[in-house]
Structure formats: C-alpha cells, structure tokens
Amino acid sequence: MATKWVYRFGDSQSEGSAKMRNLLGGKGANLAEMSNLQLPVPPGFTLTTDVCTAFYQSGRKFPDGLPNQIAEAVSFIGEKVGAVFGDIDRPLLVSVRSGARASMPGMMDTVLNLGLNDQTVEGLAARSGDRRFAYDSYRRFIHMYAYVVLGIEHHVFEDILENFKDEIGRDLDTDLDADEWIQVISRYKVCVEEATGAPFPQDVRDQLTGAIAAVFDSWQSARAITYRRLNDIPDDWGTAVNVQAMVFGNMGNKSATGVAFTRNPSTGAKELYGEFLVNAQGEDVVAGIRTPQSITEQARREAGSDAPSLEALMPDTFAELTAIFDRLEAHYRDMQDLEFTIQDGKLWMLQTRSGKRTTKAALKIAVDMVEEGLIERADAVTRIDPNSLDQLLHPTLDPSAERETLTAGLPASPGAASGEIVFDSDEAEKLKAAGRRIILVRIETSPEDIHGMHAAEGILTTRGGMTSHAAVVARGMGKPCVCGAGSIFVDYANQQLTCAGRTLKKGDTITVDGSSGQVIKGVVPTVKPELSGDFSTVMSWADEVRVLGIRTNADTPSDARMAREFGAEGIGLCRTEHMFFNAERIAAVREMILATDETGRRSALDKLLPMQRGDFADLFEIMSGLPVTIRLLDPPLHEFLPGSPEEAEEVADLIGADPEGMRARVAELQEFNPMLGHRGCRIAISYPEIAEMQARAIFEAVVEAEVRTGEPPIPEIMVPLIATRAEFDLIHERIVAVGDQVQSEAGRRINYLVGTMIELPRACLRAEEIAAAAEFFSFGTNDLTQTAFGISRDDSARFMGEYTAKGILPIDPFISIDVEGVGELVKIGAERGRMTRPDIKLGICGEHGGDPASIEFCHEIGLTYVSCSPYRVPIAKLSAAQAAIRGRLPFTEPR
C-alpha cells in the first residue's frame, strides 16, 4: 500500500484531527480539527512531517508518489472553491505555510498568493472585479516568492517600491492604483532576472514545488535552528507544510485580516485581545508595516486610538468571530491564538493554536480556568512551563525612582531592563558574550534577529503592534519589550536614534519598561517583584502533589532568606569555602595555608572559628526547624592563594609573611589537574584540624541558634569527594569527637547527621558499604558528570556546542543530567545505599537540581530532595509536581 503523504481538510470535513499533531504539525492538526467542528476553514491539504524527514534523507528530493498526491489534493481544493490551478479565467490561488508540531512563530517561511502569473492575474482581476486588488496581490507574491524561494533579500523590493512612490508622489501603498502596481511589478521582475539569471517563474506547478521545498528548507534555517535550541525542540521532528486556498483580506473596505487571542496574553485577563487591518493581508499585521486597529471598542478606547474597531466597523462579523473564539477555547480548554481573514464580508478561520503568553498570564489563566470548571488543578499545574517562572522572580523598575522618559510605545512584553543601545543583532550577540548588558533597538525585528533578541536584556522597536514579531518572540523569551515607539527615528547608518530633539548613540544607556511601554534615558533602579496570588495558588497546588523535597544552595543569609520566601524546605548545600573570600577572612585562610606546622595552622584557624560559627548560626536561625546541609572545605588550597609573583609579594606584606616563602608555598600547592587533586576529603585527611574547626563552628552555632530561636537546628555535615568508606570513617570519627566535646561543654544534646557527597563513580559503585557509616548521600552531579565523562566543565564550552549540534549528545550534560550514563550512576548509588540503610536521605545538589528534566529523573528514581539556587526553588517545586502528575500519582495524596 502506498504511503499516505497528504491529508485533506475543508468543507466541514477532514482526513485528520487534533490528535494527529505529530504527523500533521500543530497548524495542520488544528485546521483539520476546525474543519471537523464545521467552522469556516478554506479547503486545503497538509504534507506530513514524514515528508520533511524523507525530503532531507533523500538529499532534498520529494518521496515517490508525492507529486501525484499533491496534484490530486490541488484538484480537491479547486473543486471546493470553483477554481482551477493555472486556469486563466478561474485561477486557483493558494498559500503555502509551515506547521511544526511545536509552535515556532515566524521562524519558518510562508508564501501567499501562489498561482499568479502574467495571465492568471488578469483572470483574478476579472473575477474579482478589482484590477487594483489583483495586481497588488501579484506584486506581493513576486516579493514573497523571490525572498523565500529565490533568496533575494526583502530590502531590494522594499527599496524599489519606496523609490517608485517617491517618484510619483505617493505616501502609502494603498494609494497606488492598478496601473501603478503594474509598473512596480515590471521592476520587480527585472530585479528577479538580474539576480537569478532567469525570468520570474510563470508555471504555477513549478511555483508550488519550489514553495513547498523552500518551506521544508526553512526547517534548517539559522533562525529556526536557533529557536529550536533555545526552546528544546528536537531537530528530527521536522515540519509539516499546509497548502490552502487563498482568501483575501485585501479585496477592499469590506475585507480585513487579523490576529486575536481569546484572553489577554500579557495579563491573562478574560478579554478578547487582538488587532486587525482593513484591506490587508496577514503579513501586514505581524510585519508592523501598517499600524493595526483594535478588535474591540474597549481596547480601542484604552489605546486612545481614533481608528475604528472591528466591533464598530463590522458588528455582525465581530459577533460571529467572538462566538467562534468562545467555542474554540472551550473545545481546546486553553487560551487560543487565532488568525482570521474577512473576504468581502465573509469570515474565514486560518489558524488556531494554544497562545503564547507571559508567565503572569499563564498563572492567571490556569487559576481562572480551574475556577470556571474548564480544567482540573492537575491540568493547571502542568500548564505552566517551570523555566518561565524566571519571568516573575526578578526585579522590576522602582516606581519611586526618578526617570527621564524619552517616549512611550506599546507595552508588548512585561518586565524592565537597562543596557547599552545596540542596533545590530550580530553585535548584540558579541557584546553579550563579552559580558555587556544591551538593549536591542530596531525599526522592526524579523526572524533573522532571533539571536540578537536572545542576547539582549530588552527589545525596543519603532514599528509594530502587540502581535508583531518582536512582541510575540519577546513574550516567549520572557524579555521586556516595547513596540511601536513611533516617535523614535532610528538611523542605522549613523548608529543613533533621535527622539523629541534628543540624540542617543550606540553605547548610550537606556531602560525599557515592557509593562508600561516607557523608554527611559539612563539606568533606573529596580525593586524585588511581588508575586501574585495566582502564583501562590499554583505553588500550593504543586506542593499538594509533589513528592520530592526542595532545598536550596545557600551560603549567605540573603540567599537563605530569599530561598525561604520562595518555599525552600532547608539548605541542601552550604559551600563553606564561599565564606572565606572577604578581605578579613582571606588573610586568616592564607595564614593557615602558609603555616609550616599544625600549631601554626590551628592558630590561624582559631581566627576563623568565630567567623564560621556566626555564619552558620545565621543560617540556622533563618532556616529554623529545617535541615541545613553544610559541606566541609572542598576546593584545592591554592585557590585561596595569589596567582602572580607580584600578588604574592603584596599578600605577604599584608599578612606579615616572607615573600619568598609565600611564592614557594604557592608553587608547592600548584597541581597539574587540581579538580582531581588535593581537594575535598583529602584536605581533611591531610589537615584534620581544618575539618575539626568547621565541625566545632557548626556545633557551637547550633547551640547559639537554639538560644536565639528556641528551636533546635537540624545540622547535616557533609564530607565531600569520598571514594572509599575508609576516607569517610577517618573524618567521621573526628566530627563525632568534636561533637561530643561541644555537647559536653554546652551541657545539651545536639541531634545531627553526618553524610557524604557522592560525586565520584567509585563512590556510586561502593555506595552499599559507604552507607553503613554515612547517614545521607547528596549526589554532586557537577563533579560526577566531570568524572563520568572525563570532561572539565570549565573547558567543555569550547567543544560542547559541536557535540550537541552533531547529535553526539542531545544536550549539554552539565545543564541537564545525562540519564543514560551519569543518571545510571546516581541510580546505582541510590539503590545500593538503600540496601544497607533503607531510610537513607538521598538528594542532589549540583546545577541539575534546578533543571526540570533532571528533577523528573530524580523523582523517577525516588530521591528524597533536590537542592538548587534560591531563584530556582519555585521552578524546582513546579517541576517536581509535574513529574509526580506524569507519574500518575493521585493528585489528592498528601505529602
């Protein structure tokens, strides 16, 4: 049986459905579903994602049987609309659009008005009764086809059109009549022949073949690859292609085209949100070439616009449209992003999909839909992308700060950012890599700007509306964005912008407030965000279902307080070495390292003891009643010493040491591979007095904190980099001895645990015997990844990009845990540890503790907790809840 490559839809029926998203892509599946719902959808067909796979596997050739299936499907479209492809009198025109299973707005190519040539354009003119419309459509097609299929840049055609308007004294495209469009078309065709060496293609079947191939090619365009990398979309998914009968929003004043959301994608409010243009085609709305109009009267009033709303201009069509919007939202049980066209008063639906939204909006929509009975709590928890919570957890502009406002545009994506003005996306990426904070300023963005937008702290455009490319992409990235700041004149040639008589050059600093639309000169101070009630509601639902505990990595009181506010259930990693680097302490540390005997070291350690005790007491007080895991000194000692001979001499003078002795000691401590050298438990074995000082500081801090709070702290002392039980036993013995001394001195009992950080493959394999002494394991997956792969994390960036790009590894294993290798070691360590100590606490405290995919793995193998940075605590909580829901745990089961 021949492979089915093509699926038809339209005329209230379809060969596909919404459940076929992987095969038909998101757009194709939803067009099929809307057809099945008997909504007004122009007929068409979808080439499956399997065609894309076959296309690339065969060296950009279509699979056998596809041309015949395409020809039959084109005839199907023609029969439904009463037209024939290539016919002079009744020409069928189609659009060719991409449609991957994951939404990738603007990242792949589209061709509209395909099927026009020098003969069919006259047929379109006669049939529509509007020559201007026909030739306007033809010039649009030549421009778009030449760019997408023939590779001729947009600006070439834009320059031709602008120069022609200047010659004849026209301001707007809509001012040109049919004969004038014919002159523009003639210039366009000359341009194409000069650029390609061949005339613009007149065979409509060749046009269709070229457009389909170009859309498949766009799956591997630089912008699409970048977008997939940023959004974790697999390269092997491919895209579908949708070919659909054209409907025209540019047939006069009874025609229009628009984009709408069933709820506000910025705030989540239950209100129709969108824009439209009269006598226009879809690309005009999103490209920002013309300023769009509001769909509702309420939105028009709020925007202060004089241009009539769709509600006022076409009330019957508006009523039909809102009824369809309500039906689709109820059907999909989610906020929808829709495209529509009105052709001579007739409404057509061109797309529906789950709409991209800010995190604030996502939370509100999820909570509201639970209250409306559309979804369950579990659905609400799984609707929120954990990583998107970053949008809520960072500072916004201080409302009391002075500000010099330059202008205001549209508040396209909330949040605020300050940075240097940059006008070019490539330069933005370079400056970001150099550690600079930048604001990308463009007249309008296009998909080619995706890398610059990713590099920028915020985006500012002078054109475009709330559904423009810049707005949609910025919201998806969580970047603040101001669009349509029309009072700003951008001069790319001189790398400057002018606004209200003031000129700012590249490198000058501005602030953009995507929540208000303000553009401000200079840097404006920020304030800590206030999390909404919707955030707290969703977090409470997540807490009800998750099984994993969530702790934080914190070394300072401020980090601990922040994490506690975000709901951390203790500290999973306190890196004691981070407490040694202020000026007063580093001197004592260096004195200890330079000491030639134990007496000298203990003398220096005596100076550090009260400092460490105070640090730990503060953390215990903040985390009152919650466990605090403190890791003993881990890094190589040379990290605390000066690097150059000049620095060594300066430090020696500061602490009263012999400069020559300092230089000799620095040289003595240098190692060829320090991350595998004299560090971790090996320091405590060589210099047990260091571990004894830290243990005493911990135990004395317990006593001090209990006095302060009236509640006994829960200390967990962690020995790093264990490879053998013998190492652990030696250090454990010292810790217990110190604990006994402090308890005797204080006259009270201290409850504590002593465990180890499992970060070497040998420790995972010998976990059964280590667990006989260690009361908890914390898997240090940063070092475990280094030692499992034999890769230095600090050096891996030089080549890891090639590994992921070439498919050697699916993702950087330092970002998301390597389940097959490192994950298997963690699983072995956990299982073998439980064989000896069934109730052993098991956690991870590497960077993976804040990565949603890694957290899901930790849930699956039954770890007790994960530990992550303070700002990732909510992300970890939500990820843990989603893992529990996916694991089919009962939602009502209490933790």
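Charges first. The protein chain carries 91 positive and 131 negative charges. Their mean positions lie 3 Å apart. Keep in mind that this is a predicted model.

How many salt bridges does a search of the whole structure find? It finds 57. Let me take a few of them.

Start with Glu 162 and Lys 165. Their side chains meet in a salt bridge, 3.2 Å from N to O. Both sit in helix α6, residues 154–168. They are 3 residues apart, so about one helical turn separates them. Is each one buried or exposed? Glu 162 is partly exposed, at 40% relative accessible area. Lys 165 counts as buried, at 3%.

Next, Glu 569 and Arg 546. Their closest N and O atoms are 2.8 Å apart. Glu 569 lies in the loop between α20 and β26, and Arg 546 in the loop between α19 and β25, so this pair ties together parts 23 residues apart in sequence. Glu 569 is partly exposed, at 22%. Arg 546 is buried, at 2%.

Arg 575 is in strand β26, while Asp 555 is in the loop between β25 and α20, 20 residues away. Arg 575 counts as buried at 18%, and Asp 555 is buried at 12%.

There is also a network of salt bridges. It links Glu 577, Arg 631, Asp 634, Arg 679 and Asp 783.

Last, the wider view. The chain has 34 helices and 32 strands. Of its 895 residues, 56% are buried.

Technical notes:
Residues numbered from 1 in each chain as written. Predicted model: local features only at pLDDT ≥ 70, side-chain atom pairs only at ≥ 80, totals over all residues. Heavy atoms only, no water. Helix = DSSP H or I, 4+ residues; strand = E, 2+ residues; numbered from the N terminus. Buried < 20%, exposed > 50% of the residue type's maximum accessible area, 1.4 Å probe, protein only. Lys, Arg positive; Asp, Glu negative; His and termini not counted. Charge placed at Lys NZ, Arg CZ, Asp CG, Glu CD. Salt bridge = Lys/Arg side-chain N within 4 Å of Asp/Glu carboxyl O.
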